[in-house]
Amino acid sequence: MAEEIIKANENAMTKAENNADFEIPRGYICTVDISTMDGKLDVMNALNGSTALAEHEGETLLVKNIVTTQGVRSRTGETCTNTHLILADGSCLFSQSDGVKRSVEVLVALFTINGVCDFGDGIPVKLHSQILPNGNTLKTLVPVRG
């Protein structure tokens, strides 16, 4: 699985190298084709216009693309991964959850073929949260079957 994620990231970095100075660092994900104006606008909207994923628990979300970047938790100052979900309707959701990050890594690994990640018309998922014994909350994305 990790090997497939690296392939998707290498593909994203190659796309980024051809587009000015925008770069997705190794270990992060960009499934958007940024060689097009629509793709560039999708990434910009995801990075600058996302709303909280946590507010959409229990809703079926149709994930079309994913962008992850390095982040910093405002409460603790710890580094983390910012995960941006671009939905089929064009809206964007954001999370710093490690569980959500792992969920999108699995999605990318499963839907990457020959270095290209393609979610088709979108992958239906729901945000699931569970409280752990230590009081932390584990968030994951679970598939919704038709």
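Trainee: How do the residues of the lining of the largest pocket divide into nonpolar, polar and charged?
Mentor: The model is predicted, and the pocket in question has a volume of about 580 Å³. Its lining holds 20 residues. They divide into five charged, seven nonpolar and eight polar.

Trainee: Which elements give two or more residues to the lining of the largest pocket?
Mentor: Among the residues closest to the pocket centre are Gln96, Ser97 and Lys139. The elements that contribute two or more lining residues are strand S4 (92-95), helix H3 (98-110) and strand S8 (137-143).

Trainee: Which residue forms a salt bridge with Glu78?
Mentor: A search of the whole structure finds two salt bridges. In the one with Glu78, the closest N and O atoms are 3.6 Å apart, inside the 4 Å cut-off. Glu78 has 44% relative accessibility, so it counts as partly exposed. Its partner is Arg73.

Trainee: How many residues apart in sequence are the parts that Asp98 and Arg73 tie together?
Mentor: Asp98 forms a salt bridge with Arg73, with 3.5 Å between the closest N and O atoms. Asp98 lies in helix H3, whereas Arg73 lies in the loop between strand S2 (61-72) and strand S3 (79-87), so the parts they tie together are separated in sequence by 25 residues.

Trainee: Is Asp98 buried, partly exposed or exposed, and which residues does its salt-bridge network join?
Mentor: Asp98 has 36% relative accessibility; buried would need under 20% and exposed over 50%, so Asp98 counts as partly exposed. Salt bridges with shared partners make one network of Arg73, Glu78 and Asp98.

Notes:
Residues numbered from 1 in each chain as written. Predicted model: local features only at pLDDT ≥ 70, side-chain atom pairs only at ≥ 80, totals over all residues. Heavy atoms only, no water. 1 Å grid on protein atoms, 1.4 Å probe; cavity = no way out; pocket = protein on both sides within 12 Å on 5 of 7 lines; lining within 4 Å. Points joined across faces, edges and corners; volume = space filled by probe spheres on them. Helix = DSSP H or I, 4+ residues; strand = E, 2+ residues; numbered from the N terminus. Nonpolar A, V, L, I, M, F, W, Y, C, P; charged D, E, K, R; others polar. Salt bridge = Lys/Arg side-chain N within 4 Å of Asp/Glu carboxyl O. Buried < 20%, exposed > 50% of the residue type's maximum accessible area, 1.4 Å probe, protein only.
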